[in-house]
Amino acid sequence: MPINVSEALDADTCIKLKVERRSSGSYVNGIYVEGSVSYFYSLMSPQSPSAKMLEMLPEGERDKDIMMFVSKRTLRTVDDSQGIPPDVILFSGRRYRVIQLADWSTFGHTIAFGAAE
C-alpha cells in the first residue's frame, strides 16, 4: 500500500505561503483587460529541485531560479486555450510563477514547479 504523503504535510513540516490567483482577462472594445486578483494561503514544503527534475522542465525555464513546492492543494499553471494565467507563489520575498505541475494526488499531494519572476 502506498504511503499517503499528505499526512506528513502539516504545520510542523510546511510553511503557510500566500498564493496569487488571477482570473482570466477579456477584451473590452479591443483592449485587453486583466482579470481580477484573489489570494489564498496554503501549507507547502518549498524545496530545491534535483538536477533530474530540472531536466523534465521546458528548456526555456531550466536556467531560471526554480523552486519546487509540495502541497495538498492543487495549483494552476497557464492554460492558453482557456486564457487562464498561472498561479504565483510568494516565497522568501520573491514571486514564483507556476510553470509545471506534477499530480501525485493518488499519494495525497501535488508538486508545483515555480520560476522566479
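This is a predicted model: local features need pLDDT of at least 70, side-chain atom pairs count only at pLDDT 80 or more; totals for chains, interfaces and linings use all residues.
Now zoom out to the barrel. It is closed by 6 strands, and going around it the order is β1-β4-β5-β8-β7-β6, with antiparallel pairing. From one strand to the next, the twist averages 45°.

Next, the inside. Ile89 and Tyr96 turn up again in the largest nonpolar core, which has 13 residues; along with Met44, Phe69 and Leu75, they are the ones with the most contacts inside it.

| Element | Residues |
|---|---|
| β1 | 15-22 |
| β4 | 37-47 |
| β5 | 66-71 |
| β6 | 88-91 |
| β7 | 94-104 |
| β8 | 109-116 |

Skip its neighbours within four places in sequence, and Phe69 is still in contact with a whole list of residues, including Leu17, Met44, Pro46, Ile89, Phe91, Tyr96 and Ile111. Apart from this core lies another one, with 11 residues, among them Cys14, Leu57, Ile66 and Phe113.

How far does the predictor trust all this? The protein chain averages a pLDDT of 88, and 97% of the residues score at least 70. Confidence is highest in β6, at 98, and lowest in helix α1 (residues 51-55), at a mean of 85.

Definitions and conventions
Residues are numbered from 1 along each chain as its sequence is written. Side-chain values use heavy atoms; hydrogens and water are left out. A nonpolar core is a set of buried Ala, Val, Leu, Ile, Met, Phe, Trp, Tyr and Cys residues joined through side-chain atoms within 4.5 Å. Buried means under 20% relative accessible area, exposed over 50%, partly exposed in between (1.4 Å probe, protein chains only). Helices (H or I, at least four residues) and strands (E, at least two) are DSSP runs, numbered from the N terminus. Contact means heavy atoms within 4.5 Å. Two strands pair if DSSP finds at least two bridges between them. Axes are lines fitted to C-alpha atoms, for helices over the stretch in contact, and angles run from 0 to 180 degrees between N-to-C directions. pLDDT is the predictor's confidence in each residue, from 0 to 100.
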